[in-house]
Amino acid sequence: MSYSTHETRPFPLSPTKIHVPDQVLTDLRQRLELTRLPDAVGNEDWYYGVPRDYLQELVDYWRGGYDWRAAEAKINTYQHYHVEIDGVPVHFMRRPGVGPNPAPLILTHGWPWTFWHWSKVADLLADPGAHGGDPADAFEVIVPSFPGFGFSSPLTDRPDLNFWKVADLWHTLMTDVLGYRKYGAAGCDVGALVTAQLGHKYADELYAIHIGSGLKLTLFNGDRAWDLGGGQPIPDGLPAADRARIVELDRRFAVHLAAHMLAPSTLAHALSDSPAGMLAWILERWCKWSDNGGDIETVFSKDDLLTHATIYWATNTIGTSIRLYANNNRYPWTPSHDRLPVVQAPTGITFVGYENPPGVSTAQRVEHFCAGDRAQWYNHVNLTVHDRGGHFIPWEIPEQWTDDLRRTFRGRR
């Protein structure tokens with residue numbers, strides 16, 4: 001992939017291609033051939049989790065049909081870099097901007113994402129003129145792998161990393177390593193918390209930020225942060241639909257929160273040894289968190305699912321990726337200043353209907369946010385909601401996400 005750019009200085013690092021060794025792929029196939037799945041009668045409705053038949057289908061394809069080398073070649077059409085910051089290995093993908101003055105933009109993913117979940121928006125953001133947009137909206141796109149995820153590994157010297165410490169690494173990357181005087185940031189999932197922390201601690205050095213959802217930076221603080229209900233029962237007297245929504249959201253999110261915070265290493269021993277087990281654990285999140293109408297392959301093809309899974313497997317990072325949750329809780333967030341709003345950088349937020357709170361329609365979502373206590377945390381300047389799209393917003397609705405982000409940054413770059 002070649003680009004016509006308007007860079008005023010050479011990029012300070014030399015790219016290195018992504019390459020998974022042959023022996024890692026051979027070992028993966030051998031493990032898949034030896035997969036032993038449990039009996040799972042009566043689970044066709046996913047009530048008990050991922051059903052055996054679909055997992056078997058994916059395991060068989062991963063072993064005999066999926067082509068990592070083809071995926072790797074596609075990944076390598078972008079530029080990739082590896083640096084070390086404060087003892088932390090950092091991989092990032094770069095898409096140079098095409099426009100009169102591309103603004104630097106760092107995109108942060110969460111779990112069980114990989115950097116590749118940003119691939120559908122990288123070109124849109126970097127080269128709007130080639131996609132029917134205004135070249136003045138161009139960004140210089142920097143997409144790191146979260147430390148301890150994928151190619152930002154092995155994470156051996158900093159076992160304490162959490163979201164607000166990663167924000168410090170990102171600021172060092174963008175300013176000291178890459179030399180940007182000012183930049184923008186965007187993120188989803190835990191990446192939204194990293195981005196919000198940048199907007200809190202380093203607001204003067206950011207143009208703006210754009211996030212999915214608008215969570216408090218204290219989300220993981222507390223003795224029972226893994227309990228979405230705060231230890232309280234569902235109140236009596238709720239409308240049946242609201243009660244069902246609460247139960248559905250608990251089933252969607254509570255399992256991984258509790259396991260990752262309370263015993264991540266115990267879980268990691270199993271997931272690091274069995275590719276089928278690792279796939280099952282993250283597959284459930286991809287299935288339950290995306291707006292797929294009951295068919296995951298309308299959002300993620302088999303090849304998509306297995307590309308993301310292979311990134312986790314080939315780098316042996318499932319353990320360090322899930323420990324992040326425990327570290328977010330073990331090392332609580334504390335403010336860097338007492339100014340209000342807490343996040344002072346201009347903030348855009350994209351909401352999606354699939355994650356509406358109980359009793360709140362898509363049409364009411366922005367009003368509901370503004371009336372709650374989360375809104376006061378942010379200097380929000382651009383709030384948007386979409387009927388379509390689930391937790392993986394830039395993958396599921398890339399054009400809408402890109403339009404939302406561009407609006408946040410216009411007039412601020």
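Guide: A polar contact is a pair of N or O atoms within 3.5 Å; within protein, one must be able to donate a hydrogen and the other to accept it, and residues adjacent in sequence count only if both atoms are side-chain atoms. This is a predicted model, where local features need pLDDT of at least 70 and side-chain atom pairs count only at pLDDT 80 or more, while totals for chains, interfaces and linings use all residues. Residues are numbered from 1 along each chain as its sequence is written, and side-chain values use heavy atoms, leaving out hydrogens and water.

Visitor: What makes the link between the side chains of Thr 362 and Asn 356 a polar contact?

Guide: Their separation is 3.0 Å, which falls within the 3.5 Å limit. Thr 362 sits in the loop between strand E7 (343–352) and helix H12 (365–371); such helices (H or I, at least four residues) and strands (E, at least two) are DSSP runs, numbered from the N terminus.

Visitor: Why is Thr 362 called buried?

Guide: Its relative accessibility is 17%, and buried means under 20% relative accessible area, with exposed over 50% and partly exposed in between (1.4 Å probe, protein chains only). So Thr 362 counts as buried.

Visitor: Asp 86 and Asp 189 both sit in loops. Is each one buried or exposed?

Guide: Asp 86, at 55%, is exposed, whereas Asp 189, at 14%, is buried. Asp 86 lies between strands E1 (79–85) and E2 (88–95), and Asp 189 between strand E5 (183–187) and helix H6 (190–201). Neither is a glycine, yet phi is positive: about 50° for Asp 86 and near 55° for Asp 189.

Visitor: How many aromatic pairs does a search of the whole structure find?

Guide: There are 23. Rings of Phe, Tyr and Trp (its six-membered ring) pair if their centres lie within 6.5 Å; planes under 30 degrees apart count as stacked, over 60 as edge-to-face and the rest as tilted. Phe 139 and Phe 409 have ring centres 5.2 Å apart and planes at 80°, so this pair is edge-to-face.

Visitor: Which parts does that pair tie together?

Guide: Phe 139 belongs to strand E4 (residues 139–144) and Phe 409 to helix H14 (residues 398–409), so parts 270 residues apart in sequence are tied together. Phe 139 is buried at 1%, and Phe 409 is buried at 1% as well.

Visitor: Why is the pair of Trp 289 and Phe 392 given another label, stacked?

Guide: The angle between the planes is 25° and the centres are 6.4 Å apart; the limits are under 30 degrees and within 6.5 Å, so the label is stacked. Trp 289 is in helix H9 and Phe 392 in the loop between strand E8 (378–386) and helix H13 (393–396).

Visitor: What makes the charged end of Arg 413 count as sitting over the ring of Phe 139?

Guide: The rule asks for NZ of Lys or CZ of Arg within 6 Å of the ring centre and within 35 degrees of the ring normal. For Arg 413 the distance from the centre is 4.4 Å. Lys 165 sits likewise over the ring of Tyr 331, 4.2 Å from its centre.

Visitor: What is the average pLDDT of the chain?

Guide: The average is 96, and 98% of the residues score at least 70, where pLDDT is the predictor's confidence in each residue, from 0 to 100. Over residues 1–7, however, the value is below 50. Where pLDDT is low, the predicted coordinates should not be read in detail.

Notes:
Contact = heavy atoms within 4.5 Å.
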